[in-house]
Amino acid sequence: MSDNTPSQTGERPAPRRRRRFLLVAFLVAGAVVTFAVAALLVNIIERRAEDKATFVKVTELTDTTYDSAVWGQNFPAEYEGWKNTAEMDPKDVEARQATPEDPRTEVAQQKLLKDPRLVTMWQGYAFAIDYREPRGHAYMLLDQRHTRRVLEKEQPGACLNCHASLPEITNALGKGDDAAGWAAMNKMPYKEATKLAKHPVGCIDCHDPKTMALRITRPAFIEGIKELKASQGVPNYDVNKQATFQEMRSFTCAQCHVEYYFKGEEKTLTFPWDRGLTVDNALEYYDEVGFTDFTHKLTGGRVLKAQHPDYETYEQGVHAKAGVSCADCHMSYKREGAMKVTDHQVRSPMMTEATINQSCLTCHKTTEVEMRERVDTIHDRYEAAKDVTFDALTALIKDIEKAQATGVAQDRLEKARAYQRKAQFFLDYVVSENSRGFHAPQYSLRVLNDATDASRLGQLALVGIEPETTTKPALQPPATS
């Protein structure tokens, strides 16, 4: 038998070894696949468990847990986001030398230097001496304590309503009686009240420590929304019981980002909402109650200072009509592992491409670049219209100032001042709203147009011309108010 003769089994040695190799390979591959599938299943189970777990309870939270750092032990992702509100936009940073009285090494840029027309509009009021770009929530108490508006002008403790974590202060002042605590703080001098403040607005101001549910803690909003609902045919509205979760994602922000005034000698923080949420509604309210913020230094007009009506303006826009909340854009959801958490770094969604994707692109089917271009267009149109309105108001103020010096008739001066009151409040309302027209673009441009119109009608009033128009001036309160 030659070497090429098959063995008695009829098999060749090489094919037998090949089959053994393939068998081992299949066994190894099977083991790898089995391990991978098992690991995947374990990962899915762990992620599902993460998704179901709202938080890991490390410490007990109560109605006296005032420090947000303690809340952060249970909610590290949310607390880390809140701490990141300390990040500043580099283009708005102004370096300064720290002093024993003021420890800040950085502040936001001075808006008054960028646009001196603001000084003209606010002549005679504290905002004419210090008005800076906004900074994140982490700075709200620190910056207020060191603004020249409170260092050089007497201010009430009511200013703390939106710049400090309030439950600790009101609980201490009221000794368990919240209403008494709020009342006491509001009418205290700011320089005394601020000594009681230890933290900027934090977790306890918006969340129930037992359930983590959103809640309203500011009496001004509770009363303001109650009056608004009553005007809409909903009596005795209780926001903490009747508001939906989605509404609360805007209402908690609207505790502060609104138009308001300090009412009476008690300096009670009050929202002018009993007629509605438009600038027209607010002016009607102030005219009826005879309220004025200050007498204009150059014109003698009894005028108003708008605050920051972000919520009221948002309510006039398409996002509010579509049911989009403030938090959907400014505190959008993000992923931490398998958990969906609210990003507590409260900021503009335009900060980065990541934040645009995280907020805007959940609804808008476009690109980050296209989204930014849309917003830039809105801002550019707003700035152009604002400049026209500012020039018109500035011209009216200068004309009234000149008319006083040249002996223009008192009735003409009063009519011009009434138009100034309206023009100034409408322009200020839009300028002090922080979205630069974005929250309600068409509405904001309409308000600016009305302000321009009122300014030009005021100039005509000075020379005795009263054209036929549907535009009415504001009511000038008595000089003693």
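1. Two strands pair if DSSP finds at least two bridges between them, and strands here are DSSP runs of E with at least two residues, while helices are runs of H or I with at least four, both numbered from the N terminus. By that rule, strand 7 (residues 333-336) and strand 8 (residues 339-342) pair in the antiparallel sense over four bridges. Y333 has T342 in strand 8 as its bridge partner. The two strands make a hairpin with two residues between them, and G337 in the turn has a positive phi of about 65°.

2. Some housekeeping. This is a predicted model, where local features need pLDDT of at least 70 and side-chain atom pairs count only at pLDDT 80 or more, although totals for chains, interfaces and linings use all residues. Residues are numbered from 1 along each chain as its sequence is written, and side-chain values use heavy atoms, with hydrogens and water left out.

3. Most residues other than glycine have a negative phi. M212 has a positive phi near 65° without being a glycine; K267 is another non-glycine residue with a positive value, near 55°. You'll find M212 in the loop between helix 11 (203-206) and helix 12 (219-231), and K267 in the loop between strand 3 (261-263) and strand 4 (268-270). For burial, the cut-offs are under 20% relative accessible area for buried, over 50% for exposed, and partly exposed in between (1.4 Å probe, protein chains only). M212 is buried at 18%, whereas K267 comes out partly exposed at 33%.

4. Now the rings. Searching the whole structure gives 21 aromatic pairs. Rings of Phe, Tyr and Trp (its six-membered ring) pair if their centres lie within 6.5 Å; planes under 30 degrees apart are stacked, over 60 edge-to-face, and the rest tilted. Y125 and F294 have ring centres 4.6 Å apart and planes at 20°, so this pair is stacked. Y125 sits in the loop between helix 5 (117-121) and helix 6 (140-146), and F294 in strand 5 (residues 294-295), so the pair ties together parts 169 residues apart in sequence. Y125 is partly exposed at 23% relative accessibility, while F294 is buried at 6%.

5. W273 and Y311 make a tilted pair, with 5.9 Å centre to centre and 35° between the planes. That pair links distant parts of the chain, 38 residues apart: W273 is in the loop between strand 4 and helix 15 (279-289), and Y311 is in helix 16 (residues 310-314). Both W273 and Y311 are buried. They also belong to one aromatic cluster with F221, F251, F271 and Y314.

6. Last, the helix packing around helix 22 (residues 441-462). Axes are lines fitted to C-alpha atoms, for helices over the stretch in contact, with angles running from 0 to 180 degrees between N-to-C directions. Under 35 degrees counts as roughly parallel, over 145 as roughly antiparallel, 65 to 115 as roughly perpendicular, and the rest as oblique. Helix 20 (residues 368-405) packs on helix 22 at about 20°, axes 9 Å apart, and the two are therefore roughly parallel. Helix 21 (residues 410-431) and helix 22 have axes that come within 8 Å and cross at roughly 165°, so these two are roughly antiparallel.
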